[in-house]
Amino acid sequence: MQLFAPSLAFVDLETTGGSALRDRITEVGIVRVDADGDAKLPRISEWSTLIDPEVSIPPAITALTGITNAMVRSAPPFSAVAADIAARLDGAIFIAHNARFDHSFLKHAFSRIGRPFSARALCTVRLSRRLYPGVHGHNLDAVVARHNIAIVDRHRALDDARAIWAFVAALYREWPPDIIASAVKRVLRTPSLPPQLPEDALRALPQTSGVYLFYGDNPLPLYIGKSLDIRDRVSAHFSSDWMSETDLRLSQEIRRIEFETTAGELGALLREATLVKALMPAHNRLLRRKEEAGVLTLSDDCMPQFVAATALEPPDLAGSYGPFSSRRSAREQLRVLASEHALCWRRLRLERRGEGPCFQRQLYRCAGACVGVESAASHDARLRAALRSYAIPRWPYSGPALLRECTNGGDRVDVHVLQDWCWLGTARDESELADIIEASRRPAFDIDVLRLLLRRQHAGKLAFHAVTPRANAAVTNGEDRFDPSASVYPRAHVRGRWPSLA
Ligand SMILES: [Zn+2]
């Protein structure tokens, strides 16, 4: 039996009530089905546990499920089984009958213990509706009866999860696999849009890269996002089976959607950042997040120092390390490097100045720079070597360079002007390009832009067009400085530099 995905997790929860926000989980049942190489039958593992909801179970619920307060009193709390649950769901399609219910209970339970949770959720109610549109009733009792599924303890988590798996297995006796696969695809992909949006709102969106703006009743947007596929991304906001708090709020407030296309990923990123900065939508946290980003530099005595994006001078980027999304994430990376390379926590400023062995030394994880076993010079050389993969390379031009992005059809070209791994502007034609270069604004640091450029450079996929004269010579002799006031430079030079489509 070739299932529609290599790993499926059939999930059922029992709870203290119907609200994911107020009520709690009392039992989890998971049937995990994994394709087993070339073997005919998949590997199946079943797991279930009662959970102490830490609140009392209403009598009506106990009457339905048979789960009593006494039964859960000695059960572990959710926090104690969360890792187990996450591991059992990892990499699998999350399948449940009324998946929105189970998914949102788990999402809230995970978020109460500070863990993110999201899964690709497939709802078997919707799957049943799609494959049997004419029949009446798609709740679990109706489905179980229709497909002659034997069920022992209806309303206990593992038995219900088994029943959902039995339903999917039954489909394979009734339909060819490709019909099931395409029905699954449709159910996974058909989002239910907020009802106040016009029915064709989604179809009106292009499947190309760009930015989209959600509007409510006010003239300013609620939210701005970017994507390589605008339609796909917008639908993901509202796909009913898993919604973040922000998406829930957006789905209540949204009244219309606008969009702008871009030639590619970089253009979308830059446009999003610019619009968010200008319009400050209520539900975007992008700006603050970007301001928390930064890089590490090494001081004269080789101590790592975090430089925040707001304090960064773009020309200083080369030779620094990163980028990191926050000071905290930089410290975390340093800690990882320290343990991988037996570096000293005190020299890395991961702990306060003091006397005697550093914390890592006490655990035999520091080579001993803090106690004089290793010389500072040797430690610092090892630190530089450890940081090498984070090094931001030298900007290879003496001034700005152009990066051309064009759509697959070539009908749209954006030319991004970049300098020192930072953005100066984006032009759609030669005159805009000349304006940007003549204005010679301060380059704007953006962590996502830097990451994208470095990723492409790393993959050998960064094809800049140099604007400055003899750019390559500049790299070798270091003398050819970009002079924005040079009279021969801008328009005359830019003309003919507009990267051709060839
Ligand atoms: Zn040490």
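Strand β9 (residues 294-298) and β10 run antiparallel and are joined by 5 bridges; strands here are DSSP runs of E with at least two residues, numbered from the N terminus, and two of them pair if DSSP finds at least two bridges between them. Within this pairing, V295 sits opposite V307 of β10.

Zooming out, the order is β10-β9-β11 in an open sheet of 3 strands, with antiparallel pairing. β10 (304-308) and β11 (321-324) are the edge strands, each pairing on one side only. From one strand to the next, the twist averages 30 degrees (axes are lines fitted to C-alpha atoms, and angles run from 0 to 180 degrees between N-to-C directions).

## About the model

This is a predicted model, where local features need pLDDT of at least 70, side-chain atom pairs count only at pLDDT 80 or more, and totals for chains, interfaces and linings use all residues. Numbering starts from 1 along each chain as its sequence is written, and side-chain values use heavy atoms, leaving out hydrogens and water.

## Helix α5 and T124

T124 belongs to helix α5 (residues 124-131) and has a relative accessible area of 0%. Leaving aside residues up to four places away in sequence, T124 touches I95, A96, H97, I164, F167 and V168 (contact means heavy atoms within 4.5 Å). The T124 side chain also makes a polar contact with the side chain of H97, at 2.7 Å; such a contact is a pair of N or O atoms within 3.5 Å, one able to donate a hydrogen and the other to accept it.

Notes: Helices (H or I, at least four residues) and strands (E, at least two) are DSSP runs, numbered from the N terminus. Buried means under 20% relative accessible area, exposed over 50%, partly exposed in between (1.4 Å probe, protein chains only).
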